[in-house]
Amino acid sequence: MTQIRVHFSVLALVLAIFAFSAPGRAAEPVFAAGDMALGAKDAPVTIVEYASMTCPHCANFHMGPFKELKAKYIDTGKVRMIFREFPFDPVALQASMLARCAGEKRYFGMLNVLFKSQMKWAKAANPQQALGTIARLGGFTEARFQTCMRDQKLADMILQTRLDGNKKFEVESTPSFIVNGEKTSGNMTIDKWDELLADLLK
């Protein structure tokens, strides 16, 4: 079997996965359940992002505007960001499952790695094998990865999140953003975020 080549170093991947880690948490469950969030719980603005892991626009957002959004608003306590999965295909579902199985402390680090390398694993001849390579570089054993991919409870939870987003907010495309309960455009540059948040943070 041809080995899938993932073009970033083991050290870089591990650092990326741990970059968002929160210290002092208890041991992780089999998978991270419930809403995954960054930022202060009492932040005046809450942004809910619905994203598909195979969506190029979602990857562009996370590799671009999101970094500035995090530095200017999330890390400063002004915005709480909640990420919700909205998979459009089985490969996106598998990637979401992998991020969940990384655990609560490593969830956003794994998301970052997956979005950054999206075109490599999503377009691979065998996407699950490519995801397995990323998982092993991130500390998964092959057994843990396979257990994750077969976890029907986890898959059902992610698919239910998609159904709930469609029903409650009429989400049909990704990325979609719900800002303090109101859906806004998916094509949001940092300038547009600045304009929108300026009104909400007065």
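How many residues lie between E4 and E5 in their hairpin, and which residue in the turn has a positive phi? Two residues separate the strands, and Asn-180 in the turn has a positive phi of about 50°. The model is predicted: local features need pLDDT of at least 70, side-chain atom pairs count only at pLDDT 80 or more, and totals for chains, interfaces and linings use all residues. Residues are numbered from 1 along each chain as its sequence is written, and side-chain values use heavy atoms, with hydrogens and water left out.

Helices (H or I, at least four residues) and strands (E, at least two) are DSSP runs, numbered from the N terminus. Two strands pair if DSSP finds at least two bridges between them. Strand E4 spans residues 176-179. E4 pairs with strand E5 (residues 182-184) in the antiparallel sense, over three bridges. Val-179 has Glu-182 in E5 as its bridge partner. E4 also pairs with strand E2 (residues 45-51), again antiparallel, over four bridges. Here Ile-47 stands opposite Val-179.

Both faces of E4 are covered. Ser-176 and Ile-178 on one side are buried, as are Phe-177 and Val-179 on the other. Buried means under 20% relative accessible area, exposed over 50%, and partly exposed in between (1.4 Å probe, protein chains only).

One disulfide is counted, defined as a pair of cysteine sulfur atoms within 2.5 Å. Cys-101 and Cys-148 form this bond, with their sulfur atoms 2.2 Å apart. Cys-101 lies in helix H4 (residues 90-101) and Cys-148 in helix H8 (residues 142-149), so the pair ties together parts 47 residues apart in sequence. Both cysteines, Cys-101 and Cys-148, are buried.
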